[in-house]
Amino acid sequence: MSTSMATTPTTARAMAPARPPAPRQCCRYLVLPSTGHRRSIAAWSAKKKNPWLDPFDDGPDEEFDYQGMFSGGKQEEDPRPPEDPANPYGFLRFPQGYNPELDSLASKVRGDVRRACCVVSGGVYEMCKNVRYANVYDPDDDWPEPTEYTHMLGVLKNRYYDLIVSTRLAGLGHALFLFMSSARDKVGYVYPNVNSVGAGLFLDEMFKPPTNNLSDGGYHMYKDMLEWIGRPAKDVPQQPTPPLRVSISKKLRAYVEDKYSRAGVEKGKYVVIHGIASDSVANMKSRGDDDCLLPLEHWAQIAKEISSGDKGLKPLFVIPHEKHRDEIEEEVGEDANILFITTPGQLTCLINDSAGVVATNTSAVQLANARDKACVALFSSAEKAKLFLPYVEDKSSCTVISSATGKLIDIDINAVKNTVKDFEPAPSFALA
């Protein structure tokens with residue numbers, strides 16, 4: 001029984017159904033109709049990546065759009081981005097964080113200066129119509145607040161400048177400040193001593209004055225820098241430095257006119273007195289002339305001579321601080337005309353609407369000559385007068401009176417009195 005139920009392996013293999021023969025592979029390659037090139041089948045098979053080559057590669061991102069706008073390479077752009085009609089500076093509309101500007105290649109090759117930044121002290125921006133931006137920052141502060149320092153750097157870097165110039169003597173710290181502004185050309189003065197070590201490495205052009213005080217050079221204190229700015233280049237000859245000229249805005253003129261009207265004087269019928277001695281920090285002293293202020297007693301005599309004539313002129317005292325108002329009223333009289341001026345721009349408007357100026361070696365002398373107003377300039381010596389007014393021989397409207405002893409307090413007051421008698425009221429049509 002057991003023999004009949006047993007089967008041999010040969011019989012079982014014969015009873016199993018026969019498998020169909022495997023197809024014969026006559027070619028190991030496939031032809032891709034889309035590209036027309038032969039690719040290996042093994043190249044299209046998925047390979048397991050080696051995690052040691054890039055342990056942070058988790059494979060393709062399922063949420064990323066591989067068929068978006070960048071799938072075909074660089075996206076198409078307009079030939080010229082749209083301009084911003086509300087922007088007066090000609091810049092184009094770009095995304096936040098970008099500040100490019102289109103310009104011709106010729107301008108780049110010539111090195112034209114389209115935008116310049118001037119690091120100066122004082123409010124001189126009121127006297128130049130070419131100034132578009134004015135930011136308050138003290139460049140003379142050796143230890144500025146970190147927030148103010150970094151904020152000013154951010155402002156300068158956000159506005160691309162072709163040229164940045166500084167009138168402060170630069171050491172390593174100030175030279176780094178100019179360097180980090182990202183301007184194309186960094187130009188400035190450096191200390192004439194060991195304090196300038198390393199400063200020249202961060203400036204494209206540097207100048208060394210003879211002393212640590214730039215103002216010792218007088219009227220030509222920036223001569224080296226001006227010659228470099230007007231240097232000949234690309235078949236353009238040397239550009240001579242034009243004489244000092246000051247522009248006045250209508251808004252500032254109207255503000256100052258209302259201010260001196262409330263002080264009790266009329267347009268063209270007052271004489272500006274500038275250079276009163278003061279112990280206040282905010283005084284009128286020139287940085288290049290320590291002896292340039294007269295005591296109030298001398299000015300009282302000059303003012304009395306101005307108001308004693310029959311021309312209807314009134315002396316107008318310009319004070320650097322309100323505390324001097326009581327002193328002038330006590331010395332001259334309670335009916336004295338006094339005005340407190342804070343900026344050079346306001347002083348320029350005041351001088352422009354006056355009949356003339358009597359001043360010591362202060363900014364009022366330069367502003368009066370820039371506006372071609374009659375001026376009597378008082379100096380401690382003839383050398384100082386020649387240093388600060390080298391052009392006085394060509395100015396018929398300016399009269400210089402110097403002290404014979406080298407001290408301003410010893411100046412001939414009688415000579416000043418005789419000179420101020422020549423002031424005439426300014427005609428109203430000439431000031432319109």
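Is aspartate 372 buried, partly exposed or exposed? In this predicted model, aspartate 372 counts as partly exposed, because its relative accessibility is 46% and the partly exposed class runs between under 20% for buried and over 50% for exposed. You can find aspartate 372 in the loop between α12 (363-370) and β11 (375-379).

**Two residues with positive phi**

Take a look at the backbone of aspartate 372: phi is positive, about 55°, although the residue is not a glycine. Serine 182, also not a glycine, has a positive phi near 65°. The loop that holds serine 182 runs between α6 (172-179) and β5 (185-190).

**A buried glycine**

Now move to the loop between α7 (223-229) and α8 (250-262), where glycine 230 sits. Leaving out residues up to four places away in sequence, glycine 230 touches Pro237, Gln238 and Gln239. Its C-alpha atom is 7.5 Å from that of threonine 241, which is 11 residues away along the chain.

Glutamate 330 has its place in helix α10.

| Residue | Relative accessibility | Class |
|---|---|---|
| Glycine 230 | 9% | buried |
| Serine 182 | 38% | partly exposed |
| Aspartate 372 | 46% | partly exposed |
| Glutamate 330 | 71% | exposed |

Why is glycine 230 called buried? Its relative accessible area is 9%, and buried means under 20%.

Terms used:
Residues numbered from 1 in each chain as written. Predicted model: local features only at pLDDT ≥ 70, side-chain atom pairs only at ≥ 80, totals over all residues. Heavy atoms only, no water. Helix = DSSP H or I, 4+ residues; strand = E, 2+ residues; numbered from the N terminus. Buried < 20%, exposed > 50% of the residue type's maximum accessible area, 1.4 Å probe, protein only. Contact = heavy atoms within 4.5 Å.
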